[in-house]
Amino acid sequence: MSTLLEVNNLHVEVEGKEILKGISLKVEKGQVHALMGPNGSGKSTLSNTLMGHPKYKVTQGQILFNGQDLTPLKTDARARMGIFLAFQYPTAIQGVTVANFMRTAMKARFGEAFQSKEFRKTLKGAMASLGVDESFATRYVNDGFSGGEKKRHEVLQMALLKPQLALMDETDSGLDIDALRTVSEGVNRLRGPELGILLITHYQRLLNYIQPDAVHVLVDGRIVRSGGKELALELEAKGYAPYEKETVAS
Ligand SMILES: Nc1ncnc2c1ncn2[C@@H]1O[C@H](COP(=O)(O)OP(=O)(O)OP(=O)(O)O)[C@@H](O)[C@H]1O
Ligand SMILES: [Mg+2]
């Protein structure tokens, strides 16, 4: 196994306020790590920071991707390297169709223009396997999409862009039971020795579909516990209260 992502003692500030207070995490190639934690604990802050969102300032620590320091790199460079973020709240892009968006993104990622016919075939195949209706290709990105449709569209992007590191920020929220299964199957199909996934979720249920190699609990900007899949079951039963007390006491 080789290390895909290594985060060392990461401290991050947003608008002058420290949100992440020393996160360390190692994702090996081929692994799925689940990140759980109460609202406002810093889960999206971590994924936004890994993706290079300019608002999130690294004040201490290090992010290594395939051994390379990511800190000086902008978001587009990180995306071209194969880091992908499925947004918790995907935004609409007026005037840009799903097909055009995907074609541009694929050209940026793989550095080559796809022939129209080949691209249409690839897009159609990916849409079919994720249960996305063909009509979405000509709709504007996320414009008027339902909550679940937006999440499926995020996974569609992931399937086509073939990232090395996928950051999935609550991709399961808003999905109905059937969509959860379809989307999870889609993610499982993408799993392989080269892909690492950081899966942010509030629900143990998702981890029945996508089996994690590790589960981490984030409370108030710190990882307070790491363990296996059983940790998610324990959280479901007891909630975060025991960890919140520990944080206050420490
Ligand atoms: N762009 C921002 N501007 C101001 N504050 C921010 C910003 N991003 C995050 N924060 C603050 O950082 C803290 C952590 O937020 P974050 O979105 O990372 O939490 P989360 O763990 O993803 O929560 P949730 O489960 O509700 O999605 C919150 O107090 C939030 O208000
Ligand atoms: Mg969040």
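## Briefing on the predicted model

Val7 stands opposite Leu25 in β2. This pair belongs to a predicted model, in which four strands form an open sheet in the order β2-β1-β4-β5, with antiparallel pairing. The edge strands of that sheet are β2 and β5 (68-69), each of which pairs on one side only. Elsewhere, 13 residues surround ligand 1, and the largest nonpolar core has 63 residues.

- Strand β1 (residues 3-14) and strand β2 (residues 17-28) run antiparallel and are joined by nine bridges.
- Within this pairing, Thr3 has Glu28 in β2 as its bridge partner.
- Eight bridges link β1 to strand β4 (residues 56-65), and these two strands also run antiparallel.
- Val12 has Val58 as its bridge partner in β4.
- In a regular strand, side chains alternate between the two faces of the sheet.

**The turn between β1 and β2**

- The hairpin of β1 and β2 has two residues between the strands.
- Glu15 is found in the loop between β1 and β2.
- Glu15 is not a glycine, yet it has a positive phi of about 50°.
- Is Glu15 buried or exposed? Glu15 is exposed, because 8 other C-beta atoms lie within 10 Å, and 12 or fewer is the cut-off for that class.

- Strand β11 (residues 214-219) and strand β12 (residues 222-227) run antiparallel, with five bridges between them.
- Val215 stands opposite Gly227 in β12.
- Two residues lie between the strands of this hairpin, and Asp220 takes a positive phi near 50° there.

**The shell around ligand 1**

- Which residues are the closest to ligand 1? They are Asn39, Gly40, Lys43, Ser44 and Thr45, out of the 13 that surround ligand 1.
- Helix α1 (residues 43-51) supplies three residues, the largest share of the shell around ligand 1.
- By class, the shell residues divide into eight polar, three charged and two nonpolar.

**The largest nonpolar core**

- Ala86, Ala166, Leu167 and Leu199 are the residues with the most contacts inside the core of 63 residues.
- Ala86 is found in strand β6.
- Ala86 counts as buried because it has 25 C-beta neighbours inside 10 Å, where the cut-off is 20 or more.
- Apart from neighbours within four places in sequence, Ala86 is in contact with Glu154, Val155, Met158, Ala166, Leu167, Met168, Asp169 and Thr171.
- Ala86 and Leu156 are 70 residues apart in sequence, and their C-alpha atoms are 9.9 Å apart in space.
- Leu167, again leaving aside neighbours within four places in sequence, is in contact with Ser47, Leu50, Met51, Phe84, Leu85, Ala86 and Leu198.

**Helix α4 and what follows**

- Helix α4 (residues 116-129) has 14 residues.
- From first C-alpha to last, helix α4 reaches 20 Å, close to the 20 Å expected at 1.5 Å a residue.

- Met81 has its place in the loop between α2 (75-80) and β6 (83-86).
- Met81 counts as partly exposed because it has 16 C-beta neighbours inside 10 Å, a number between the cut-offs of 12 or fewer for exposed and 20 or more for buried.
- Met81 and Gln164 are 83 residues apart in sequence but 8.0 Å apart in space, C-alpha to C-alpha.
- Asn142 has its place in the loop between β8 (140-141) and α5 (147-161).
- Asn142 has a positive phi of about 60°, although it is not a glycine.
- Why does Asn142 count as buried? Asn142 has 20 C-beta neighbours inside 10 Å, and buried requires 20 or more.

How values were computed. Residues are numbered from 1 along each chain as its sequence is written. Chains are lettered from A and ligands numbered from 1 in the order in which they are written. This is a predicted model: local features need pLDDT of at least 70, side-chain atom pairs count only at pLDDT 80 or more; totals for chains, interfaces and linings use all residues. A residue is near a molecule or strand if its C-beta atom, placed from the backbone, lies within 6 Å of it. Ala, Val, Leu, Ile, Met, Phe, Trp, Tyr, Cys and Pro count as nonpolar, Asp, Glu, Lys and Arg as charged, and the others, Gly among them, as polar. Two strands pair if DSSP finds at least two bridges between them. A nonpolar core is a set of buried Ala, Val, Leu, Ile, Met, Phe, Trp, Tyr and Cys residues joined through C-beta atoms within 7 Å. Two residues are in contact if their C-beta atoms, placed from the backbone, lie within 7 Å. The expected span of a helix is 1.5 Å times one less than its number of residues.
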